[in-house]
Amino acid sequence: MRRITMAVLLALVAAAAFTQARSTADEPKKAEAKPENRLVGTWKMVSAKYDGKGVTFPEGSTRLKHITPTQFMWASYDKDGKVDAALGGPYTLKGDKYEETPEYGIGDVLELLKGKPQSFECKVEANKLYQNGKLSSGLTLEEVWERVEKK
């Protein structure tokens, strides 16, 4: 009887070890994890040129861009917090090639760009995001965004 009990115990230990090894093998390996997306975060526009001309935004206005692992969204609002333009949707990032496809928003820009891929070159240096490209409407843009840090 004792041998049967020991055999059963050994079988249970072996089964538990096999199950643990299998569940560990099924987990993604850390070395294979995707590299951190350097664009993820909140960004505040610090300067912009459209068709080569510098833009001055009204005093007290702010333009923020939020980038998650799967979506982008930017909003422009005045000193009272009233949003006058916004745009968002999915994006892709391959190297320095960044492409947004607007799906929602408010303002004239939505009607102009909705559903059309917008392709840019982007780079992050220190706490700045440089985004340059040509919209599907033909407008060229050069934008500089600064990462918003926790206070």
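**Close-up views of a predicted model**

**Figure 1. The largest pocket and its lining.** Of the 22 residues that line the largest pocket, Arg63, Trp74, Val109, Leu135 and Glu143 lie nearest its centre. The model shown here and in the other figures is predicted. The space in this pocket comes to about 280 Å³. At least two lining residues come from each of strand S3 (62-67), S5, helix H2 (108-113), strand S8 (118-125) and strand S10 (140-147). By type, the lining holds 13 nonpolar, 3 polar and 6 charged residues.

**Figure 2. Alanine 85 in strand S5.** Strand S5 covers residues 83-94 and includes alanine 85. Alanine 85 has a relative accessible area of 14%, which is under 20%, so alanine 85 counts as buried. Leaving out residues up to four places away in sequence, alanine 85 touches Trp74, Ala75, Ser76 and Ile106. Valine 109 is 24 residues from alanine 85 in sequence, and the two C-alpha atoms are 7.5 Å apart in space.

**Figure 3. Serine 76 in strand S4.** Serine 76 belongs to strand S4, which runs over residues 71-77. Because its relative accessibility is 6%, serine 76 is classed as buried. Beyond its neighbours within four places in sequence, serine 76 is in contact with Thr62, Arg63, Lys82, Val83, Asp84 and Ala85.

**Figure 4. The salt bridge between lysine 79 and aspartate 80.** Side chains of opposite charge can pair when their charged atoms come close. The model has 6 salt bridges by the rule used. In one of them, the side chains of lysine 79 and aspartate 80 meet, with 3.9 Å from N to O. Lysine 79 is exposed because its relative accessibility is 65%, over the 50% limit. Aspartate 80, with a relative accessible area of 63%, is also exposed.

**Figure 5. A salt-bridge network with Asp96, Lys97 and Glu121.** Salt bridges link Asp96, Lys97 and Glu121 in a network. Lysine 97 is partly exposed, at 44% relative accessibility. Aspartate 96 has a relative accessible area of 34% and is partly exposed.

**Figure 6. The salt bridge between lysine 123 and glutamate 125.** The side chains of lysine 123 and glutamate 125 form a salt bridge of 3.5 Å, N to O. Lysine 123 has a relative accessibility of 43% and therefore counts as partly exposed. Glutamate 125, at 40% relative accessibility, is partly exposed.

Technical notes: Residues are numbered from 1 along each chain as its sequence is written. This is a predicted model: local features need pLDDT of at least 70, side-chain atom pairs count only at pLDDT 80 or more; totals for chains, interfaces and linings use all residues. Side-chain values use heavy atoms; hydrogens and water are left out. Helices (H or I, at least four residues) and strands (E, at least two) are DSSP runs, numbered from the N terminus. Buried means under 20% relative accessible area, exposed over 50%, partly exposed in between (1.4 Å probe, protein chains only). Contact means heavy atoms within 4.5 Å. On a 1 Å grid over the protein atoms alone, a cavity is a set of points where a 1.4 Å probe fits but cannot get out, and a pocket is an open set with protein on both sides within 12 Å along at least five of seven lines; lining residues have an atom within 4 Å of a point. Grid points are joined across faces, edges and corners, and a volume is the space filled by probe spheres set on the points. Ala, Val, Leu, Ile, Met, Phe, Trp, Tyr, Cys and Pro count as nonpolar, Asp, Glu, Lys and Arg as charged, and the others, Gly among them, as polar. A salt bridge is a side-chain nitrogen of Lys or Arg within 4 Å of a carboxyl oxygen of Asp or Glu.
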